[in-house]
Amino acid sequence: MARLTLTGLILLLALLLSGCSRTSDEQRIRDAMAAMQQAMESRNPRAFMAHVSDDFIGNSADFDRAALANLLRIEVLRNESIGATLGPIDIEMQGDRARV
């Protein structure tokens with residue numbers, strides 16, 4: 001009986017600890033990118049932009065967050081359906097920032 005109780009406590013502790021595990025920053029980024037993909041396929045640029053940092057800058061300095069939001073709106077207006085395919089994603093963590 002004591003062995004069964006000890007085994008039960010160990011299993012309960014393992015379950016509780018696994019529930020406390022924190023999702024890695026890289027996994028959270030991957031999850032956000034999947035949500036962004038779903039947002040665009042659902043024609044919802046606002047949901048997409050919820051994942052974009054306020055200080056976002058694209059590959060050129062003149063392509064900022066506002067320019068990205070405008071581009072997404074144009075794509076939704078121009079196309080009946082939108083498909084997005086994610087390829088391999090390389091994520092570089094730089095302190096509390098990431099380069100994707």
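Is Arg28 buried, partly exposed or exposed? At 43% relative accessibility, Arg28 counts as partly exposed. Those words have cut-offs: buried is under 20% relative accessible area, exposed is over 50%, and partly exposed is in between, using a 1.4 Å probe and protein chains only.

Before we go on, a word about what you're looking at. This is a predicted model, in which local features need pLDDT of at least 70 and side-chain atom pairs count only at pLDDT 80 or more, while totals for chains, interfaces and linings use all residues. Residues are numbered from 1 along each chain as its sequence is written, and side-chain values use heavy atoms, with hydrogens and water left out.

Now for the overall layout. The protein has four helices and two strands, and from the N terminus on they run α-α-α-α-β-β. Helices (H or I, at least four residues) and strands (E, at least two) are DSSP runs, numbered from the N terminus. Of the 100 residues in the protein, 16% are buried.

Let's go back to Arg28 and find its partner. Arg28 forms a salt bridge with Asp25, and their closest N and O atoms are 3.1 Å apart. A salt bridge here is a side-chain nitrogen of Lys or Arg within 4 Å of a carboxyl oxygen of Asp or Glu. Side chains of opposite charge can pair when their charged atoms come close. Because Asp25 and Arg28 sit three residues apart in helix 2, about one helical turn separates them. Asp25 is partly exposed too, with a relative accessible area of 34%.

Arg30 is partly exposed at 29% relative accessibility, and Glu26 is partly exposed at 34%.

A search of the whole structure finds four salt bridges, and one of them joins Arg97 to Asp55, with closest N and O atoms 3.2 Å apart. This pair links distant parts of the chain: Arg97 is in strand 2, Asp55 is in the loop between helix 3 and helix 4, and they are 42 residues apart. Arg97 is partly exposed at 45% relative accessibility, and so is Asp55 at 47%.

What about the inside? The largest nonpolar core has 11 residues, among them Met36, Phe48, Leu72 and Ile82. Such a core is a set of buried Ala, Val, Leu, Ile, Met, Phe, Trp, Tyr and Cys residues joined through side-chain atoms within 4.5 Å. Helix 2, helix 3 (45-49) and helix 4 (65-78) each supply at least two residues of this core, and helix 4 gives the most, with four. In soluble globular proteins, nonpolar side chains tend to be buried together.

Last stop: the largest pocket, with a volume of about 1,300 Å³. Of the 29 residues that line this pocket, the closest to its centre are His51, Phe56, Ala98, Arg99 and Val100. On a 1 Å grid over the protein atoms alone, a pocket is an open set of points where a 1.4 Å probe fits, with protein on both sides within 12 Å along at least five of seven lines; lining residues have an atom within 4 Å of a point. Helix 2 gives the largest share of the lining, eight residues.

Terms used:
Points joined across faces, edges and corners; volume = space filled by probe spheres on them.
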